[in-house]
Amino acid sequence: GGGCGSFPSRSGDSAPWVMLDVRGDRGAEVSDYTQLAVGTQISFDCVYPVSAGAVEAKFRHHGVYIGMLTPELWEQMEGCDPCLLNRHCVIHLQRDEQRLTSGRVEIHAVEDFCNGRPLFAHRCDDRGDEWAVLARAFEKLNQTVPFNHKTSNCEHFATWCTKGERSSKQGEKAQELETATWSTIAVGAFAFLAAGAMILSGAAGSDSEKRRDRRR
């Protein structure tokens with residue numbers, strides 16, 4: 001597969017009802033990813049559907065840079081594509097585009113991961129040493145795991161690899177924004193229905209008065 005080259009997917013040609021921006025810290029733009037330290041958390045901007053095309057979100061897809069995939073490293077990875085040998089790679093949680101509630105931890109070449117989009121590196125002062133980061137990342141390689149953009153997303157996986165604990169600022173922001181958005185939609189829908197009920201009530205009252213007038 002092409003990795004996250006296909007990650008930003010829209011549910012149709014029409015614009016969504018709501019577009020949320022849940023992107024967290026941008027990080028520093030990377031001009032040469034081959035100079036990154038192994039274990040660096042990286043990301044790029046993308047858009048994906050949240051709720052059947054009604055809501056879409058601007059998101060940052062995160063992964064962990066694992067350096068050049070040498071033959072020695074490749075031999076330790078069961079089922080790893082030989083086409084990745086001697087290429088600079090990233091490990092990340094890739095959402096399943098058919099089953100949106102699950103994802104798979106995969107390795108892709110960095111250029112396929114971001115597919116030409118600007119790449120950003122995230123500073124992590126409490127990042128573990130590179131071997132601890134790689135050990136956690138490779139522990140989950142090729143595993144299918146639950147995916148939820150608020151509670152179990154690519155950023156949760158990347159921060160767990162780099163720091164040993166799961167966190168996602170954009171997951172927290174998504175929860176807050178979605179709650180506020182659906183509350184607004186619910187209030188608007190209630191107001192619309194209430195206005196419709198008043199119009200119907202007024203029309204019914206007017207018809208009743210006309211009938212009384214005719215009986216006179």
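Helices (H or I, at least four residues) and strands (E, at least two) are DSSP runs, numbered from the N terminus. This is a predicted model, in which local features need pLDDT of at least 70, side-chain atom pairs count only at pLDDT 80 or more, and totals for chains, interfaces and linings use all residues. Residues are numbered from 1 along each chain as its sequence is written, and side-chain values use heavy atoms, with hydrogens and water left out.

**His88**
- Strand β5 (residues 88-95) contains His88.
- His88 is buried at 18% relative accessibility, where buried means under 20% relative accessible area, exposed over 50%, and partly exposed in between (1.4 Å probe, protein chains only).
- Residues in contact with His88 (heavy atoms within 4.5 Å) include Tyr33, Tyr65, Met68 and His108, not counting residues up to four places away in sequence.

**Nonpolar cores**
- A nonpolar core is a set of buried Ala, Val, Leu, Ile, Met, Phe, Trp, Tyr and Cys residues joined through side-chain atoms within 4.5 Å.
- The largest one has 23 residues, and Ile91, Phe157 and Cys161 are among those with the most contacts inside it.
- At least two residues of this core come from each of β4 (55-68), β5, β6 (102-109), α3 (130-139) and α4 (154-163).
- Helix α4 gives the largest share, four residues.
- A second, separate core of 19 residues includes Ile42, Cys46, Ala57 and Ala121.

**Cysteines**
- With a disulfide taken as a pair of cysteine sulfur atoms within 2.5 Å, the count is zero.
- Cys46 is in no disulfide, and the nearest cysteine sulfur, that of Cys154, is 6.8 Å away.
- Cys46 is buried at 5% relative accessibility, whereas Cys83 is exposed at 56% relative accessible area.
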